[in-house]
Amino acid sequence: MSDILETLYGALKDSSELTALLAEGTQGIHNDLTRDSGNYPVLVYQVISDVPHFWADNQETARRTTVQISILTKDGNDAALIVLVESIMDQLGWMRQITNRITSGAVRITALRYIYAEEE
């Protein structure tokens, strides 16, 4: 699973277009939510599930991983960030599963969930 997170983080931080839209550049990309996410907008990524998908001969031959990328803003202006995240994830072979928007106090959270099926 660490390879998945390293690849994901690397692709996000290497996008100068994406980091230019974050308040703190690459420092605005976090693994998991924290109480103090810094200045907004920020981007948070986390693994939601990482489970075996198929077994053969007592060995895992495929797995399915779901990640969530959350975009947190104070003004709700996240359209450009969403487009860039979708482009990056598409290039990595992830398929968007669902998008949810919620508001928590003054912060708007757009949660994008992606799924990746990996066969060995």
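Let me begin with Gly93, which comes directly after helix 3 and has a positive phi, near 95°. Helices here are DSSP runs of H or I with at least four residues, strands are runs of E with at least two, and both are numbered from the N terminus. The model is a predicted one, in which local features need pLDDT of at least 70 and side-chain atom pairs count only at pLDDT 80 or more, while totals for chains, interfaces and linings use all residues. Residues are numbered from 1 along each chain as its sequence is written, and side-chain values use heavy atoms, with hydrogens and water left out.

Now to helix 3 itself. Its 14 residues reach 20 Å from the first C-alpha to the last, close to the 20 Å expected at 1.5 Å a residue; the expected span is 1.5 Å times one less than the number of residues. Which residues of helix 3 are buried? They are Leu81, Ile82, Leu84, Val85, Ile88 and Met89, where buried means under 20% relative accessible area, exposed over 50% and partly exposed in between, with a 1.4 Å probe and protein chains only. These residues cover an arc of only 165° around the axis, and therefore lie on the same side of helix 3; the arc is taken from the directions between the helix axis and the C-beta atoms. An α-helix has 3.6 residues a turn, so residues three or four places apart point the same way. On the other side of helix 3, Val83, Asp90 and Gln91 are exposed.

Next, the aromatic residues. Rings of Phe, Tyr and Trp (for Trp, the six-membered ring) pair if their centres lie within 6.5 Å; planes under 30 degrees apart count as stacked, over 60 as edge-to-face and the rest as tilted. By this rule there are two aromatic pairs. Trp94 and Tyr116 have ring centres 5.2 Å apart and planes at 35°, so this pair is tilted. The pair links distant parts of the chain, 22 residues apart: Trp94 lies in the loop between helix 3 (79-92) and strand 4 (95-104), and Tyr116 in strand 5 (residues 107-119). Trp94 counts as buried because its relative accessibility is 8%, whereas Tyr116, at 28%, counts as partly exposed.

I turn to Thr66, in strand 3 (residues 59-73). Thr66 has 9% relative accessibility and so counts as buried. Leaving aside residues up to four places away in sequence, Thr66 touches Gln46, Val47, Ile48, Ser49, Gln97, Arg113, Tyr114 and Ile115, contact meaning heavy atoms within 4.5 Å.

Finally, the protein as a whole. Three helices and five strands run α-α-β-β-β-α-β-β from the N terminus on.
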